[in-house]
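The following note is meant for a colleague who is coming to this model for the first time. Please read the points beside the sequence and the three-dimensional view.

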Amino acid sequence: MPKNSISRKTFLTQSSAIAAGVLLSPLASYATEKNKLEKKIKVGVIGCGSVSGMYLPHLSKSPFVELVSACDIIPEPAAKAAEKYKIANHYPHIDQMLAGAPFDLLVNLTDMQEHGRLNKIALNAGKDVWSEKPMANSYKEGRALLDLATSKKLRIWGAPAVVNSPQFAFMAK
């Protein structure tokens, strides 16, 4: 291995730690502003596949977060995530999650083609949104989501914290 390179394992470990910091830093300021630190942010997570393995361990340990709901169109991953991270509720559909236990912030970890649609549903339901990967699939859709969030005095973040993709491995190499 050349002098200036690091192993894939080291890169992924270091990148995961950085990504967790990127994820939790805005949540800390959001918690301070939203709740004056009197209570935790109630979070609903949608998408309990591989990307959730990057988020759920950190969210479950954050002093600013109470994981309230897990949701996935395939019920088993949501049930497993709920059990593993002691999440009280799990659902197979966003409509059921939004009608279920109340929460403040939707963390969207679904397939990126669904992000715009699901983020819009959450904003229309009065939820702030943290969206992994892009928040939308086009500039126009993203702009419309931002305008919707602003009009409802809500927040939306688009945060690609998953760094263990083949693209990031290539860049590390």
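Is Arg117 buried, partly exposed or exposed? Arg117 is partly exposed, with a relative accessible area of 47%; buried means under 20% relative accessible area, exposed means over 50%, and partly exposed lies in between, with a 1.4 Å probe and protein chains only.

1. Basis of the note. This is a predicted model, in which local features need pLDDT of at least 70 and side-chain atom pairs count only at pLDDT 80 or more, while totals for chains, interfaces and linings use all residues. Residues are numbered from 1 along each chain as its sequence is written, and side-chain values use heavy atoms, with hydrogens and water left out.

2. Overall architecture. The protein has seven helices and six strands. These elements are DSSP runs numbered from the N terminus, helices being H or I runs of at least four residues and strands being E runs of at least two. Along the sequence they follow the pattern α-β-α-β-α-β-α-β-α-β-α-β-α.

3. Of the 173 residues in the protein, 42% are buried. The accessible surface comes to about 9,700 Å², and 59% of that surface belongs to carbon and sulfur atoms; the areas come from the Shrake-Rupley method with a 1.4 Å probe, and for residues only the protein chains shown count as cover. Contact means heavy atoms within 4.5 Å. Among contacts between residues at least 6 apart in sequence, 61% join residues at least 24 apart.

4. The buried side of helix H5. Helix H5 spans residues 115–124, and His115, Gly116, Leu118, Asn119, Ala122 and Leu123 are buried in it. These residues cover an arc of only 170° around the axis, which puts them on the same side of H5; the arc is that of the directions from the helix axis to the C-beta atoms. An α-helix has 3.6 residues a turn, so residues three or four places apart point the same way.

5. Partners of helix H5. The buried residues of H5 pack against strands S1 (41–46), S4 (105–108), S5 (128–132) and S6 (156–159), and also against helices H4 (94–99) and H6 (139–151). Just after H5, Gly126 takes a positive phi of about 85°.

6. Lys120 in helix H5. Lys120 lies in H5 and is partly exposed at 48% relative accessibility. Leaving aside neighbours within four places in sequence, Lys120 is in contact with Leu145 and Leu148. The C-alpha atoms of Lys120 and Leu148 are separated by 8.0 Å, although the two residues are 28 residues apart along the chain.

7. Ala149 in helix H6. Ala149 has its place in H6 and is buried, with a relative accessible area of 1%. Leaving aside neighbours within four places in sequence, Ala149 is in contact with Leu123, Leu154, Arg155 and Ile156. Its C-alpha atom is 8.4 Å from that of Asn124, a residue 25 residues away along the chain.

8. The aromatic pair. The structure holds one aromatic pair. The rings of Trp130 and Trp157 have centres 5.6 Å apart and planes at 40°, so the pair is tilted. Rings of Phe, Tyr and Trp (its six-membered ring) pair if their centres lie within 6.5 Å; planes under 30 degrees apart count as stacked, over 60 as edge-to-face and the rest as tilted. Trp130 lies in strand S5 and Trp157 in strand S6, so the pair ties together parts that are 27 residues apart in sequence. Trp130 counts as buried at 2% relative accessibility, and Trp157 counts as buried at 18%.

9. Salt bridges. How many salt bridges does the structure hold? The structure holds two, a salt bridge being a side-chain nitrogen of Lys or Arg within 4 Å of a carboxyl oxygen of Asp or Glu. Arg117 meets Glu114 in a salt bridge at 2.6 Å, N to O, and Glu114 is partly exposed at 29% relative accessibility. Arg143 forms a salt bridge with Asp147, with the closest N and O atoms 2.9 Å apart. Arg143 and Asp147 are four residues apart in helix H6 and are therefore separated by about one helical turn. Arg143 is partly exposed at 37%, as is Asp147 at 39%.

10. Ser52 in helix H2. Ser52 is in H2, which covers residues 52–61. Ser52 is buried, with a relative accessible area of 5%. Not counting residues up to four places away in sequence, Ser52 touches Gly47, Pro57 and Leu109.
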